[in-house]
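Please read it alongside the sequence and the coordinates.

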Amino acid sequence: MQSEYRQRRDALMSKIGNGTAIFRSAPMAVMHNDVEYAYRQDSDFFYLTGLDEAEAVAVLAPHHEEHKFILFVQPKDITKEVWSGYVTGVDAAKEKYGADEAYPINELNEKLPQYLINADKIYYRLGRDIPFNETVLTHYQRLLRTYPKRGTGPTAIQDTCTILHGMRLVKSDSELTLMRKAADIAVEAHNVAREMAKPGVYEYEVQAEMERIFRKHGGNGPAYPSIVASGANSCILHYIENNRQMQDGDLLLIDAGCSYGYYNSDITRTFPVGGKFTTEQKVLYELVLDAQKKAIAQLKPGNAYSSIHDTALRVLVEGMAELGILKGEIDKLIEEEKYKPYYMHRTGHWLGLDVHDVGVYQHGKDNPLILQPGQVLTVEPGIYIVPGAKPAEEQPQVDEKWMGIGIRIEDDVLVTEDGCEVLTAGVPKEVSDMEG
């Protein structure tokens, strides 16, 4: 992988010209008092370095005569490592991660200016680490004040996402290998979950078994807080309490994915706990499934990303109009967003190092992003008839028989040279499979 990290850095440096790019590791997050969450590296930092440690800074300075890639890392400290685990240290950072030069992190303020003074621009994303934001801004402002004396130095700051996130949007073969593994593990977990979800079982029992499978196969754990939502809980998009006992007649909506090597999967399935859909559940399920299949058919190079959502949305709105849940002319219902009480999210998102991965979806209102091979995204239409929800203005009250039904079907899909590949196809979704 080190050769690939180097290729990524070289590609980025070729795009920033005479600029200097700065990347900060993710800060440690506190769970409570002095107990910290398990560490998760910043995705941009990891994408370029592979370094999975806190208190680090990566600098890319293509204009520097000797040092193009510089790392600032935690120094070796045996006493500290006894408590918190081993770190790479300064001496090994160059060899292990391919840095041209490495320094202790406490020398950042002293050493950083030499990599900025001849740059015409700083590339840095102002993020969650407020103190480090101030560090970068302080160096920038200091160099601006002394610019008239030299005639050199950065005169602007540009967000790294404007360049780097376009690179991350198209996955390499090695990235796809990790994503396939994350998908395969989650596929197994979902199939086991469907077998064990019976009346009387608690949502958290299903969650626990799925997350055991994630770890059993070497995954980092869940890609995001697992959603195991039975009954009316299925209408809560980000339900994570997972503490209800399932009943016969319930639907169970499971939205859970595995993180493997920092890459993620994201799958949703909805099925009847008692093994049989009610009439209303089945009608809505078939509608969502039809919307998903037709949306997936839009995934091919040259198509607009927006066609995925537009296709699914039209199928859902037409179906809800036929069922009397919506009333009116289809185009007008869509234009005025009368469907929003029952379908309040988009049909998918990019997937990769982040679950909601980076990358734009359109370049201005009338210029959607065009799909290309190597992009990975989710396709996840849904319908949620929330008990007590008010319909949009001039829309009918929803018949009680639909209340409390929430359905979402989600797959991870890779855009290929001639179409697409559903990476999570190993989890069944036909009605006959759901009622097996």
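**Notes on strand pairing and overall build**

1. Strand 1 and strand 4 (residues 57-60) are paired in the antiparallel sense over four bridges. Two strands count as paired if DSSP finds at least two bridges between them; strands (E, at least two residues) and helices (H or I, at least four) are DSSP runs numbered from the N terminus. Within strand 4, L60 is the bridge partner of A21.

2. The model is a predicted one, in which local features need pLDDT of at least 70 and side-chain atom pairs count only at pLDDT 80 or more, while totals for chains, interfaces and linings use all residues. Residues are numbered from 1 along each chain as its sequence is written, and side-chain values use heavy atoms, with hydrogens and water left out.

3. Strand 1 (residues 20-24) also pairs with strand 7 (residues 122-123), here in the parallel sense and over two bridges. A21 has Y123 as its bridge partner in strand 7. Five of the five residues of strand 1 are buried, that is, under 20% relative accessible area with a 1.4 Å probe, protein chains only. Both faces are covered, with T20, I22 and R24 on one side and A21 and F23 on the other.

4. A separate topic is the open sheet of three strands, with order 10-11-14 and antiparallel pairing. Strand 10 (227-230) and strand 14 (267-272) each have a single partner strand and stand at the edges, so one side of each lacks a neighbour in the sheet. On average, neighbouring strands of this sheet are turned by 10 degrees against each other, direction ignored. Strand 10 and strand 11 (residues 251-256) run antiparallel and are joined by four bridges; A229 has L253 as its bridge partner in strand 11.

5. Helix 9 (residues 173-196) packs on this sheet, touching strand 11 and strand 14, and its direction makes about 15 degrees with that of strand 14. Helix 10 (residues 203-216) lies across strand 10 and strand 11, at about 155 degrees to strand 10. Axes are lines fitted to C-alpha atoms, for helices over the stretch in contact (heavy atoms within 4.5 Å), and angles run from 0 to 180 degrees between N-to-C directions.

6. For the chain as a whole, the secondary structure comes to 14 helices and 19 strands. The C-alpha trace spans about 75 × 50 × 40 Å along its principal axes. Of the 436 residues, 52% are buried. Among contacts between residues at least 6 apart in sequence, 70% join residues at least 24 apart.

Definitions and conventions: Buried < 20%, exposed > 50% of the residue type's maximum accessible area, 1.4 Å probe, protein only.
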